[in-house]
Amino acid sequence: MTSPRNEYAVIGKPFPKPDAVSKVTGSAVYADDMLPARTLHCRILRSPHPHARILSIDTSAARRMPGVRAVITGADLPIKFGILPVTQDERALEHEKVRYVGDPIAAVAAVDEEIAAAACDAVAVEYEVLEPVMSIDEALAEAKDERIQDYGGPNNIHKLVALEFGDVDAGFEKADHIREDVFFFQGNTHLPMEQHSAIATFVDGRVTLWSSTQVVHYVHRALAKVLELPMNRIRVIGAAHGGGFGGKTDPFAHEIIVSKLAMLTGRPVKCTLTREEVFYAHRGRHPVLMWVRGGVTKDGRITAMHFKTALDGGAYGSYGVASTFYTGALQTVTYDIPAYRFEGCRVFTNKPPCGPKRGHGTPQPRFALELHLEKIALDLGMDPVDLKQRNFVKPMTRTVNWLRVTSCGLDECTDRVMTASGYRSREKRPGRGLGFAISSYLSGAGTAIYWNDMPHSEVQIKVDRGGVTAYCGAMDIGQGSDSVLAAVVAEELGLQPRDIRLVTADTDTTPIDLGSYSSRVTFMAGNAALQAARKMRDMLVEAVAAKTGRAAAEVTVGAGRIGDLTFEEASILGEARFGTLTSAGSYKPPKIAGPYKGSGVGPSPAYSYSACVVDLDADARTGIVHVNKVWIAHDVGRAINPLLVEGQIEGSIYMGLGEALMEEQAFRKGLHKWPSMLEYKSPTIMDMPEVETFIVETDDPEGPYGAKEAGQGPLLPVIPAVSSAVFDALGVWIDEVPLTPEKIIEALRRKEKGEPPRFGPVRFPSIPYPDCIKVEPPPRELDHASAASI
Amino acid sequence: MDRDVDRQLVALEVNGERTELFLPVHKTLLEVVREDMQLTGTKHGCELGECGTCTVLIDGKPELSCLLVPLQVEGRAITTIEGMAKGSVLHPLQHAFAEVGAAQCGYCSPGILLVAKSLLESNGTPSRDEIREALAGNLCRCTGYSKILDAVELAADQIRRSSPLAGEVAHRAGGAAEPA
């Protein structure tokens with residue numbers, strides 16, 4: 001290693017994404033833009049019933065239609081798959097039972113899309129319709145006909161979790177004040193602008209699939225399992241990506257279907273979902289009902305907390321077991337809770353499966369927790385910001401549930417938004433309110449989805465006649481993960497990001513990366529790239545040192561030069577000395593999960609922190625909320641590219657405001673109420689307020705150059721801050737997301753009648769949680785030496 | 001062919017090039033541009049006129065290509081995103097969008113860029129509210145629209161400053177190969 005540099009040449013400087021020009025010229029190739037010669041088009045027949053047994057499927061008429069080249073059903077793809085090893089409960093095509101409106105049943109490959117659609121209509125399916133289960137309450141009760149899935153239970157319960165850290169009862173006994181609240185967070189969906197699309201070929205006995213996926217590796221695994229092919233005969237390539245937000249993190253039926261159809265027909269087969277089908281693919285935000293009981297001393301210190309959640313999971317497992325744990329995991333990462341009990345439950349319902357959406361499982365409890373603490377502060381006559389700040393976790397500590405907190409910029413984030421917004425000196429006038437909230441999120445999950453000891457990310461670098469190529473399985477979904485790779489490699493080799501050629505998200509040519517979810521890429525692929533780049537740098541420096549008769553420590557790297565030589569000259573020397581110049585780096589998170597079952601969800605090598613103030617006007621006559629401005633400060637550790645960090649923060653605020661005020665995946669009699677972009681309300685540019693963003697840098701000890709995540713965390717505080725601002729404006733609590741005008745009007749009506757001035761759920765159902773697994777809390781203080789080895 | 005559909009010969013002028021195509025009469029302009037002309041820069045998000053993604057310019061004005069059939073636009077000047085740069089020289093809007101990070105996943109960018117181009121051609125100094133008004137029909141899920149507003153303002157500014165160059169800046173498409 002050469003001497004540490006105080007100033008970076010690339011890191012921390014704003015620069016355009018490597019693919020910016022292709023994105024603004026229309027030349028980026030998304031999956032649906034591909035149309036190789038002889039491509040067949042695929043359409044999928046989907047269930048019109050929310051819950052039904054399939055008695056028979058007759059495809060003969062469809063097969064006879066001119067232009068139809070293949071028709072397949074579940075009998076052709078009977079093997080089940082699923083993202084988590086414990087919930088392999090999906091089929092690409094279902095031939096025994098359908099579980100939601102939109103469940104795939106048959107697929108057609110035809111010479112054009114219209115023929116494929118007509119052939120789907122010609123497939124005759126006989127159903128025995130079953131009673132649908134459409135709510136948490138219905139799922140908890142005994143099934144009228146039969147259970148949705150044949151695992152889990154009792155009734156339609158999928159998963160039950162019960163954990164207790166420290167002595168919760170004793171904690172409540174120490175409390176001077178105890179409060180209970182119930183909250184509901186409605187489900188919503190990712191609504192990526194790009195409809196999911198996949199195209200497969202079958203050439204020389206090998207399947208190649210291009211897809212708009214967030215994780216090529218998981219699609220690769222699912223294809224191998226269902227198609228019964230070795231992984232080395234399947235290649236998955238991430239096409240240019242038109243937006244994910246978590247919605248393209250599962251392997252999907254259409255990806256398997258086009259691969260199978262390509263194998264059967266020997267022709268390229270493409271499937272692009274219609275917008276309506278995207279609503280059925282879903283995997284979006286779980287609707288979650290929450291109950292929280294908090295105890296505090298009279299000066300506002302939390303003594304104990306008990307948190308219960310009930311998640312409406314939809315028809316399949318997806319990431320749901322992880323989602324369930326996440327509704328209880330991260331409360332302790334922002335507030336010092338000395339004793340904590342968490343009981344979680346996920347149920348199956350006859351709706352499209354829920355899964356991970358930006359913030360995965362944590363926006364719902366964050367909404368509940370922040371409002372619960374606001375209410376406690378009011379009960380005590382305290383300023384809510386003071387109460388929250390009094391309980392902030394400190395850097396270099398462990399939480400009661402064994403989560404390791406290293407860098408933590410909560411105080412600085414809070415100070416920045418307090419000062420900028422003038423929250424404490426705000427002018428009180430009816431209808432205008434300010435709300436404050438904080439949050440935290442993972443910089444990548446500390447454990448893999450399926451048990452293995454492989455690194456979570458690997459990067460290879462090749463230097464050849466001055467050209468640098470970095471190979472990594474990471475998938476750029478628009479957030480700029482390619483930019484992180486380019487910046488890290490460029491920084492270490494003394495080049496500019498544009499000098500680095502990138503090959504990413506291709507299971508044939510790139511080493512593994514677990515993909516773009518759980519905010520992991522900057523931290524994990526960034527660290528892998530850093531290790532690979534430093535090895536390459538050392539080789540180039542050694543070659544130049546040997547040639548020029550200097551010590552390696554005297555050879556400086558920067559501005560396109562290595563010592564006195566140009567990078568190209570140095571690379572030729574290096575190749576002469578070492579042969580082919582390649583280097584590799586990998587990253588595996590430290591083993592920091594606590595000693596209890598279920599401890600795998602929650603640990604992360606580092607947590608980001610955010611604080612947010614929302615300023616809004618709420619009309620007491622119409623219930624309409626107009627957001628005036630949002631201030632947000634985000635502890636990203638270090639901004640590798642501040643331009644893109646700002647972009648992630650602004651996008652998170654936008655998505656948070658959409659969830660807070662309008663977005664809603666709702667159903668009536670088994671049918672999605674509004675599977676279209678017109679009726680599923682999302683914010684337009686007219687709805688988006690001005691935003692003031694502060695990037696806070698805490699230089700995380702394990703992040704690449706100190707960096708942490710930015711893509712998900714900043715969404716989390718926005719939603720409770722909106723509700724808190726509505727209370728500030730109108731004096732009513734809206735304990736249910738989204739905060740639609742009719743809920744605000746109803747709460748105001750209740751207030752006027754002298755009823756409790758709130759809108760939200762009144763009760764939490766009785767759930768047969770098992771006895772809590774009792775876990776001794778860890779030692780709280782954490783020293784640097786032991787940080788990575790507990 | 002495998003089925004009977006009504007077809008008609010249609011002459012379209014897209015990005016200054018005239019092409020004659022024998023098309024099913026019901027095929028949308030969006031489908032024709034993408035599938036028959038391989039101009040896949042035009043994207044689609046709903047195919048129902050709801051999201052603005054498939055916007056093209058017809059005689060300089062934004063229209064949703066998913067709601068048009070080619071017969072309606074015969075003889076009129078159609079501009080797609082591929083027609084926005086002059087050769088390898090980016091339009092100032094494209095340059096600004098790339099520079100300030102207004103394109104994240106980039107899927108809505110072609111439509112938004114074309115609407116912004118139309119706006120700046122009729123109003124060279126739009127206020128932020130006028131930009132919002134113009135882009136009200138274009139959804140974006142990535143950016144929160146903040147950097148899109150910044151980029152349109154920046155481009156308007158650049159066009160004003162370089163008015164003798166009539167809206168071109170010296171930035172090469174392809175990006176990476178800037179002269180040192």
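The legends below describe several views of a predicted model with chains A and B.

**View 1. Chain A as a whole.** Chain A holds 19 helices and 34 strands, and its C-alpha trace spans about 85 × 70 × 50 Å along its principal axes. A compact globule of 790 residues would have a radius of gyration near 28 Å, and because chain A has 27 Å, its value agrees with that expectation. Of the 790 residues of chain A, 63% count as buried. When contacts in chain A with a separation of 6 or more are considered, 80% of them come from residues 24 or more positions apart.

**View 2. Chain B as a whole.** The secondary structure of chain B consists of five helices and five strands, and from the N terminus on these elements follow the order β-β-α-β-β-β-α-α-α-α. Chain B has 180 residues, of which 52% are buried. Among the contacts in chain B with a separation of 6 or more, residues 24 or more positions apart account for 60%.

**View 3. The place where chains A and B touch.** Here 47 residues of chain A are in contact with 45 residues of chain B. On the side of chain A that touches chain B, the elements that give two or more residues are helix H1 (20-25) and helix H17 (642-661) of chain A, and H17(A) provides the largest share, seven residues. Sorted by kind, the residues on this side of chain A comprise 25 nonpolar, 15 polar and seven charged ones.

**View 4. The largest nonpolar core.** This core has 300 residues, and the ones that touch the most other members are A:Cys42, A:Val489, A:Ala529 and A:Val722. Helix H15 (residues 521-548) of chain A gives the most to this core, with 15 residues.

**View 5. Helix H11 of chain A, a mostly covered helix.** Helix H11 (residues 363-380) of chain A has 18 residues, and the distance from its first C-alpha to its last is 26 Å, close to the 26 Å expected at 1.5 Å a residue. Of the 18 residues of H11(A), 14 are buried, so that this helix is mostly covered. Just after H11(A) comes A:Gly381, which takes a positive phi of about 70°.

**View 6. Helix H13 of chain A and its buried side.** Helix H13 (residues 410-421) of chain A has 12 residues and reaches 16 Å from its first C-alpha to its last, close to the 16 Å expected at 1.5 Å a residue. The buried residues of H13(A) are A:Leu410, A:Cys413, A:Thr414, A:Arg416, A:Val417 and A:Ser421. Because these residues cover an arc of only 160° around the axis, they lie on the same side of H13(A). Among the elements of chain A that cover them are helix H10 (331-334), helix H12 (384-390), strand E18 (432-442) and strand E26 (607-618). After H13(A) comes A:Gly422, whose phi is positive, near 65°.

**View 7. Two cis peptide bonds in loops of chain A.** One cis peptide bond joins A:Gly153 and A:Pro154, with omega about 5°, and A:Pro154 has its place in the loop between helix H4 (136-140) and strand E7 (157-165) of chain A. Another cis peptide bond joins A:Val737 and A:Pro738, with omega about 0°; A:Pro738 is found in the loop between strand E32 (736-737) and helix H19 (741-752) of chain A.

View 8. A:Ala559 is a residue other than glycine, yet its phi is positive, near 55°. The loop that holds A:Ala559 runs between strand E22 (557-558) and strand E23 (561-562) of chain A, and because A:Ala559 has 10 other C-beta atoms within 10 Å, this residue is exposed. A:Tyr705 likewise is not a glycine, and its phi is positive, about 60°. The place of A:Tyr705 is in the loop between E30 and helix H18 (718-730) of chain A. Because A:Tyr705 has 22 C-beta neighbours inside 10 Å, this residue counts as buried.

Notes
Residues numbered from 1 in each chain as written. Chains lettered and ligands numbered in written order. Predicted model: local features only at pLDDT ≥ 70, side-chain atom pairs only at ≥ 80, totals over all residues. Contact = placed C-beta atoms within 7 Å. Helix = DSSP H or I, 4+ residues; strand = E, 2+ residues; numbered from the N terminus. Nonpolar A, V, L, I, M, F, W, Y, C, P; charged D, E, K, R; others polar. Expected span 1.5 Å × (residues − 1). Buried ≥ 20, exposed ≤ 12 C-beta atoms within 10 Å, placed from the backbone. Rg over C-alpha atoms; globule rule 2.2 N^0.38 Å. Arc of directions from axis to C-beta. Core = buried A, V, L, I, M, F, W, Y, C linked by C-beta atoms within 7 Å.
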